[in-house]
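User: Hey, I've just opened this one and I'm new to it. Can you walk me through it?

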Amino acid sequence: MKAHSADTLEQFTQDFPVVLPIRVAWGEMDAFQHVNNVSYIRYFESARIAYMETMKMEANIKTSPVGPILGDIYCRYRRPVVYPDTLHIGTKISELNEFGFVMEYQAFSEKQQTVTTLGHCKIVMIDYRSNQKVAVEGDMLEKILKLQPELK
């Protein structure tokens, strides 16, 4: 995973179908006076949910027993971020597989005007009734390809 080489937020947003702005909170800093590592996992979670909402994917196990589950997550810290700042979390699917996909995240700092943090995760589609993985197909696949036609 390589950091986007954008010099501006406008350039950065061109590579991501979903970009979520997140204001850094004072309480997210740690004893070393920068945003604590665990905060980025939360930022990525919020961006992942924003991506799913953009796809109009319903997160209701009662009406749709098939849904995504987080298989793993990775984060690489390139530069420390401090309060006050706003991070723009770019999110996209970078790899589509039979039973899931890989989502890529990048955090662009308004204050620093660069990408400060990189991440990715593996999402597996699962049937919550049987706890078995299921193929990415049908409505789900259509929604992904509508948002990111380059994955075809």
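User: Which exposed residues sit on the face of helix 3 turned away from its buried side?

Analyst: Those are Glu142 and Lys146. Keep in mind that this is a predicted model.

User: And which residues of helix 3 are buried?

Analyst: Met140, Ile144 and Leu145 are the buried residues of helix 3, which runs over residues 138–147. They lie on the same side of the helix, because they cover an arc of only 125° around its axis.

User: What covers them?

Analyst: The cover includes strand 3 (86–96), strand 4 (100–109) and strand 5 (114–127).

User: OK, charges next. How many salt bridges are there?

Analyst: The count is two. In one of them, the side chains of Lys143 and Asp139 meet at 3.2 Å, N to O. Both residues belong to helix 3 and are four residues apart, about one turn of the helix.

User: Which side chain of opposite charge is nearest to Arg48?

Analyst: That's Glu45, 4.8 Å away. A salt bridge needs the nitrogen and the carboxyl oxygen within 4 Å. Arg48 is buried and has no salt bridge.

User: So what does Arg48's side chain have instead?

Analyst: A polar contact of 2.8 Å joins it to the side chain of Tyr105. Arg48 itself lies in helix 2, residues 37–54. Leaving out residues up to four places away in sequence, Arg48 touches Leu70, Ile73, Met103, Tyr105, Cys121 and Ile123.

User: And Glu104, what's the story there?

Analyst: Glu104 is in strand 4. It is buried without a salt bridge, and the nearest side chain of opposite charge, Lys92, is 4.4 Å away. The side chain of Glu104 does have a polar contact of 2.9 Å with that of Gln106.

User: Let's switch to rings. How many aromatic pairs are there?

Analyst: The count comes to six aromatic pairs. One of them is Phe12 with Phe16: the ring centres are 4.9 Å apart and the planes are at 40°, so the pair is tilted. Phe12 and Phe16 are both buried.

User: Where's Tyr105 in this, stacked or tilted against Phe44?

Analyst: Stacked, because the planes of Phe44 and Tyr105 are at 5°, with the ring centres 4.5 Å apart. Phe44 lies in helix 2 and Tyr105 in strand 4, so the pair ties together parts that are 61 residues apart in sequence.

User: How buried are they?

Analyst: Phe44 has a relative accessible area of 0%, and Tyr105 also comes out at 0%. Both count as buried.

User: Which residues form an aromatic cluster with Phe12?

Analyst: Phe16 and Phe108. Phe12 and Phe108 come up again with Ala6, which touches Gln11, Phe12, Phe108 and Gln113 when residues up to four places away in sequence are left out.

User: Where does Ala6 sit?

Analyst: In the segment before helix 1 (9–13). Ala6 is buried, with a relative accessible area of 6%.

User: How far is Ala6 from Thr114?

Analyst: In space, 6.8 Å from C-alpha to C-alpha, although they are 108 residues apart in sequence.

User: Last one: what about Gln33?

Analyst: Gln33 is in the loop between strand 1 (18–23) and helix 2. At 47% relative accessibility, Gln33 is partly exposed.

Terms used
Residues are numbered from 1 along each chain as its sequence is written. This is a predicted model: local features need pLDDT of at least 70, side-chain atom pairs count only at pLDDT 80 or more; totals for chains, interfaces and linings use all residues. Side-chain values use heavy atoms; hydrogens and water are left out. Helices (H or I, at least four residues) and strands (E, at least two) are DSSP runs, numbered from the N terminus. Buried means under 20% relative accessible area, exposed over 50%, partly exposed in between (1.4 Å probe, protein chains only). Lys and Arg count as positive and Asp and Glu as negative; His and the chain ends are not counted. A polar contact is a pair of N or O atoms within 3.5 Å; within protein, one must be able to donate a hydrogen and the other to accept it, and residues adjacent in sequence count only if both atoms are side-chain atoms. Contact means heavy atoms within 4.5 Å. The arc is that of the directions from the helix axis to the C-beta atoms. Rings of Phe, Tyr and Trp (its six-membered ring) pair if their centres lie within 6.5 Å; planes under 30 degrees apart count as stacked, over 60 as edge-to-face and the rest as tilted.
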